[in-house]
Amino acid sequence: MSEFPLQAGHPALAREAVRDLRFSAIRDVANAGIGRDDILPFWFGEPDLPTPAFICAAAQAALTAGDTFYTPNLGEPALREALAHSLSRLHQPVSAERIVVTSSGVSALMLTAQALYSPGDRVVVVTPVWPNLVEIPRILGVQVEEVALELRPDEQGIARWHLSLETLLHALTPDCRALVINSPNNPSGWVMPAAQQAQILAHCRRHGIWIVSDEVYSRIVYDGPPDRCAPSFLDIADPNDRLVVINSFSKSWLMTGWRLGWVVAPPALMHELGKLIEYNSSCAPGFVQKAGLVAVNQGEALRQETVARFQASRDYLYQRLGSLAEVEVPLPQGAMYLFFRVHGLNDSLTFCKALVAEAGVGLAPGSAFGEAGEGCLRWCIASASKKLEQGADRFSRFLRHSAWRS
């Protein structure tokens, strides 16, 4: 028994930075629908299809063969080589010695933060963004400053999310430790143009600022050839630049539950990342890495089919929601969400809970993605067409008949 047991009335023992973390508003909404079998859930960023059999078979074969032991901290050499080959085909050459395999993309983000940030550091994050990219630095006592995307028409009059490069560069002063950026973006579907990436890289080089680029959705982009990849800092950066690129197996290969990701980092950072992996998770499971290896080597057709399915869903839902007078829908260029504004909405969390209770539709509140997201809703499009149709019908009726404006 502890010599100093917790007692009622005593202050919490967790660190202040941890106590100050936001609870996920997405999870808050999902909890409101637990136990109901009539809910149409679009709140989580997860494809609705299971991992294909050819990937699962690789893990099953590895388990049968006894692949249940520790693996190298930095990942199995065969998987690192396969990732290097794939990335070199899409971008500039990337050597396997710059790749670290991690137990999930989230783990990759945390390891990077542990390697780069000290308490009191200033980090700039482009928002709205998946909350983990803001809260992980805060766990470590970092001061996070947000630079918001802007929703406005493009040259063709189509509503899109845009980044003010002038505003961002103004925030990236020499005292800034790192820029955290997610493109293609969750939740907005915004894709950073290559020209902006080049200007940001040049600016960060001048001031010694790290770039942490979350490119988890880099292979989920629309309105182009099927082998298309989003613009990446890997297209233009030197191996020794202060750049860390985060990626994951979750989205492109329908492997969210496998918890497997990777990092591309400068050679000088590799030893430190290896130490941090040892003290966080030791290694990614071998049989999971075998599944990842098959996904990289044999999963291109799957990825292309997945993107085509998502684009059809995007186009359908964009048309349905765009027909509603109360809604302003930007056309996403990538990722797997519609992030749209509802006119008159100023409390997206309350709205989403009412939507669950009254209409049986689960969306993510825009406030979950930072102040820039308030007034908006995120709808994950990675669902069957019939489910999307039912969800759109219910959502339309809710907007017309619910008392959400009162």
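Guide: Here is a short walk through the helices and sheets. This is a predicted model, where local features need pLDDT of at least 70 and side-chain atom pairs count only at pLDDT 80 or more, while totals for chains, interfaces and linings use all residues. Residues are numbered from 1 along each chain as its sequence is written, and side-chain values use heavy atoms, with hydrogens and water left out.

Visitor: Why is α2 called roughly parallel to α12?

Guide: Helix α2 (residues 25-32) and helix α12 (residues 348-359) pack at about 25 degrees, their axes 9 Å apart. Angles under 35 degrees count as roughly parallel, over 145 as roughly antiparallel, 65 to 115 as roughly perpendicular and the rest as oblique. That is why α2 is roughly parallel to α12. The axes are lines fitted to C-alpha atoms, for helices over the stretch in contact, and angles run from 0 to 180 degrees between N-to-C directions.

Visitor: Which residues make the contact of α2 with α12?

Guide: Ala25, Asp28, Val29 and Ala32 of α2 meet Leu349, Cys352, Lys353 and Val356 of α12. Contact means heavy atoms within 4.5 Å. These residues divide into six nonpolar, no polar and two charged. Ala, Val, Leu, Ile, Met, Phe, Trp, Tyr, Cys and Pro count as nonpolar, Asp, Glu, Lys and Arg as charged, and the others, Gly among them, as polar.

Visitor: What about α4 and α10: left-handed or right-handed crossing?

Guide: Helix α4 (residues 77-90) packs on helix α10 (residues 286-298) at about 25 degrees, with axes 9 Å apart. They are therefore roughly parallel to each other. α4 passes α10 in a left-handed crossing. A crossing is left-handed if the near helix is turned anticlockwise from the far one by less than a right angle, and right-handed if clockwise. The residues of this contact divide into six nonpolar, four polar and no charged.

Visitor: Why are β11 and β14 said to stand at the edges?

Guide: They belong to an open sheet of four strands in the order β11-β12-β15-β14, with antiparallel pairing. β11 (327-328) and β14 (364-365) each have a single partner strand, so one side of each lacks a neighbour in the sheet.

Visitor: How do you know that β14 pairs with β15?

Guide: Two strands pair if DSSP finds at least two bridges between them. Two bridges join β14 to strand β15 (residues 376-380), and the two run antiparallel. Pro365 stands opposite Leu377 in β15.

Visitor: Which are the edge strands of the seven-stranded sheet?

Guide: That open sheet has the order β2-β10-β9-β8-β7-β3-β4 and mixed pairing. Its edge strands are β2 (99-102) and β4 (143-148), each pairing on one side only. Within the sheet, strand β9 (residues 243-248) and strand β10 (residues 261-264) pair in the antiparallel sense over four bridges.
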